[in-house]
Amino acid sequence: MTAQGADQPQPLPLSVDRTSPVPLYFQLAQQLEAAVEQGRLAPGTLLGNEIDLAHRLGLSRPTVRQAIQSLVDKGLMVRRRGVGTQVVHSQVRRPLELSSLYDDLEAAGQRPATKVLRATTEPATAEIAAALGLPEGTEVHLVERLRYAHDEPMALLRNHLPPDLLDLRAPELESTGLYRLMRASGTTLHSARQSVGARAATAGEARALAEEPGAPLLTMERTTYDDTGRAVEFASHVYRASRYTFTFQLLSR
């Protein structure tokens with residue numbers, strides 16, 4: 001299979017091991033997914049002819065079609081009538097550590113961008129006040145942002161911060177990550193308590209994230225503390241499950 005882009009098509013180094021218990025379609029799908037993740041198959045790239053690939057690898061055409069369909073099902077590729085199979089994007093895998101989505105996307109070469117939906121203050125609800133260790137009704141900063149990667153909506157971010165932490169302005173929030181602004185203001189981020197879940201997208205979330213109403217979303221709530229133990233952020237984020245995963249490192253004990 002060749003990657004058809006602006007440059008001359010370059011054949012991908014693909015192979016299958018018939019002695020392996022791993023199904024042949026899955027071996028091929030893993031290699032194609034790795035090529036997407038590593039940028040060798042960039043967004044917008046058209047895949048070559050399935051028949052040519054099947055002949056090259058000695059596979060049946062249904063096996064090749066099953067491999068490609070598994071990536072279509074993951075949202076990494078799309079079949080377009082009259083065009084062929086096209087790479088859409090790579091899926092972002094974010095480690096569970098105290099880092100910002102902006103920094104993680106930038107480190108992965110995903111070209112992060114931000115649209116600020118709201119940057120204001122509001123009275124803290126009981127939940128937010130408890131998370132930030134403030135009396136209920138205290139005026140706190142609220143920042144709502146839509147985070148993009150490769151010009152595609154990725155996550156809807158909602159953050160509450162104590163009122164005296166830093167001055168939040170839309171231009172700065174659109175040009176960099178919140179954690180960078182916090183660190184630049186002198187805040188030392190030390191630790192966080194985080195929970196991850198999933199639910200269906202509301203109509204508003206679906207519109208913002210270019211998904212269908214009811215589409216699966218990953219959820220994340222995080223309370224972040226500085227080096228004095230003070231709560232400096234309460235975050236409530238939703239992510240497109242088709243574009244985003246959390247990764248865990250598990251240790252034996």
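Buried means under 20% relative accessible area. That cut-off is used in the legends below, which describe a predicted model.

View 1. Pro 162 is found in the loop between β9 and α6 (170–175). The C-alpha atoms of Pro 162 and Glu 139 are separated by 8.0 Å. Along the chain, these two residues are 23 residues apart.

**View 2. Strand β9 and its pairing with β8.** Strand β9 covers residues 152–161. Nine of its ten residues are buried, and the strand is mostly covered. Strand β8 covers residues 139–149. The two strands run antiparallel and are joined by nine bridges. Within this pairing, Leu 146 stands opposite Leu 156 in β9.

**View 3. The hairpin turn between β8 and β9.** β8 and β9 form a hairpin. Two residues lie between the strands. In the turn, His 150 has a positive phi of about 50°.

**View 4. The pairing of β9 with β12.** Strand β12 covers residues 231–240. β9 and β12 run antiparallel, and six bridges join them. Leu 157 has His 237 in β12 as its bridge partner.

**View 5. Asn 159 and its polar contacts.** Asn 159 is found in strand β9. Asn 159 counts as buried because its relative accessibility is 0%. Its side chain makes a polar contact of 2.6 Å with the side chain of Glu 233. Another polar contact, of 3.4 Å, joins the side chains of Asn 159 and His 237. Not counting residues up to four places away in sequence, Asn 159 touches His 141, Leu 142, Val 143 and Arg 145, among others. Leu 178 is also touched by Asn 159, as are Glu 233, Phe 234, Ala 235 and His 237.

**View 6. Glu 144 in strand β8.** Glu 144 lies in strand β8. Its relative accessibility is 16%, so Glu 144 counts as buried. Not counting residues up to four places away in sequence, Glu 144 touches Lys 115, Val 116, Leu 117 and Arg 118, among others. Leu 157 and Arg 158 are also touched by Glu 144.

Conventions: Residues are numbered from 1 along each chain as its sequence is written. This is a predicted model: local features need pLDDT of at least 70, side-chain atom pairs count only at pLDDT 80 or more; totals for chains, interfaces and linings use all residues. Side-chain values use heavy atoms; hydrogens and water are left out. Buried means under 20% relative accessible area, exposed over 50%, partly exposed in between (1.4 Å probe, protein chains only). Helices (H or I, at least four residues) and strands (E, at least two) are DSSP runs, numbered from the N terminus. Two strands pair if DSSP finds at least two bridges between them. A polar contact is a pair of N or O atoms within 3.5 Å; within protein, one must be able to donate a hydrogen and the other to accept it, and residues adjacent in sequence count only if both atoms are side-chain atoms. Contact means heavy atoms within 4.5 Å.
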